[in-house]
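Please read the points below alongside the coordinates. They are set out as a short note for a colleague who works with such models.

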Amino acid sequence: MSKITIAYAPDKNFVPLTLVSMASVLNNARKNDEIEFVIMYADLEDKYLQTFDNLQSIKQYSLKTLKVDTKIFDGFPCPNWVTMEAWFRCLLADLLPDDERVLYLDCDTIVRASLHPLFELDLGDNLAGVIEDSSLSKQKAQNIALEDNFYFNSGVMLINLKAWRKCDFFAKLKDIVMKDGKISNDQDALNKACDGLKYRLSPKYDYMHVWWRKNVSQYDESYQKEFLKAEENPVIVHFTGVKPNNPACKNKFTPEFRQYAAMVPAYDALQKEIGLKAAGKGREKLPLIKRIFSIETSTDRKRKYINILGFTFKIKV
């Protein structure tokens, strides 16, 4: 048996997307892949938690549902294009004390092949296997002063939990968040905390079809070649931007998303109930003025984050 542990952190609006992602994992797993799903949540109702165990007919799997206290993240920045649940992955070393690695996936992903080869990779002492972000990665790396100049997309992370525990990862990350005013979201914080200890994965494991930019990524020349190769047959597709349960989504893999959605019991009813209220939101849809200037308040109401032209300033209230 090959154990494959995958973690998600949905809020209510992302439940349908998460179920589709899980269905895609199960549908494309090998016969001897032992799948375990981990659902981290803050306040999901029991009726939604129960849906995560309704895919056993596709392939048998084990399930852990772990409630997270959001007070742990008091004072952490949470911009309006992400949910508070995005921070939960930072606790995985503590939440899964007996595991050595886990694949964290954003809810807006589908998996198109067995993940066994990914779990066979030797990460060495690196904290995570990750893929460079497809948008402004060099500028983002400079903005938060990354020594490795490598800014990754945190929607797909193969996490070395053993290494996280060794360096007391969450304490390290929290210290960065509280002291560095340029850290404006969870992705910034994860990049900074993993600085110099990142294993660079092929973009086939986090393929982002940036259709609103005519599929032109902002990678350098060498990584762009890998990106174009990955486009032919990606293992993991990440629906950045407008989500595939939104009619406005023009991602080339949306038809495949719908095929997996058809495997989810009562998906249409669930989607009608909650699926479109917030799942289609993203930074690309923010009004221009908010991308230039915005003021946001931390969860404990003790700090304000002023964003001006991509730079973030943190002040105490």
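Does K179 count as buried or exposed?

1. At a relative accessibility of 66%, K179 counts as exposed, where buried means under 20% relative accessible area, exposed over 50%, and partly exposed in between (1.4 Å probe, protein chains only). Its salt-bridge partner is D175, with 3.0 Å from N to O, a salt bridge being a side-chain nitrogen of Lys or Arg within 4 Å of a carboxyl oxygen of Asp or Glu. Because D175 and K179 are four residues apart in helix 7 (residues 169–179), about one helical turn separates them, and D175 is partly exposed, with a relative accessible area of 38%. Elsewhere, salt bridges that share partners join K3, E36, K64 and D99 into one network.

2. On provenance, this is a predicted model, in which local features need pLDDT of at least 70 and side-chain atom pairs count only at pLDDT 80 or more, while totals for chains, interfaces and linings use all residues. Residues are numbered from 1 along each chain as its sequence is written, and side-chain values use heavy atoms, with hydrogens and water left out.

3. For the chain as a whole, there are 12 helices and 12 strands, taken as DSSP runs numbered from the N terminus (helices H or I, at least four residues; strands E, at least two). Of the 317 residues in the protein chain, 57% are buried. Among contacts with a separation of 6 or more, 75% come from residues 24 or more positions apart, contact meaning heavy atoms within 4.5 Å.

4. The whole structure holds 15 salt bridges, and one of them, between R89 and D186, has its closest N and O atoms 3.1 Å apart. R89 lies in the loop between strand 3 (62–67) and helix 3 (92–95) and D186 in helix 8 (residues 186–193), so the pair ties together parts that are 97 residues apart in sequence. Both R89 and D186 are buried.

5. E132 and K138 also form a salt bridge, with the closest N and O atoms 3.0 Å apart. E132 counts as buried, at 1% relative accessibility, whereas K138 is partly exposed, with a relative accessible area of 27%.

6. D106 deserves a separate look: this residue lies in the loop between strand 4 (101–105) and strand 5 (109–111), and D106 is buried, with a relative accessible area of 17%. Leaving aside neighbours within four places in sequence, D106 is in contact with Y8, R89, S154, G155 and H238. The C-alpha atoms of D106 and P10 are separated by 8.2 Å, although the two are 96 residues apart along the chain.
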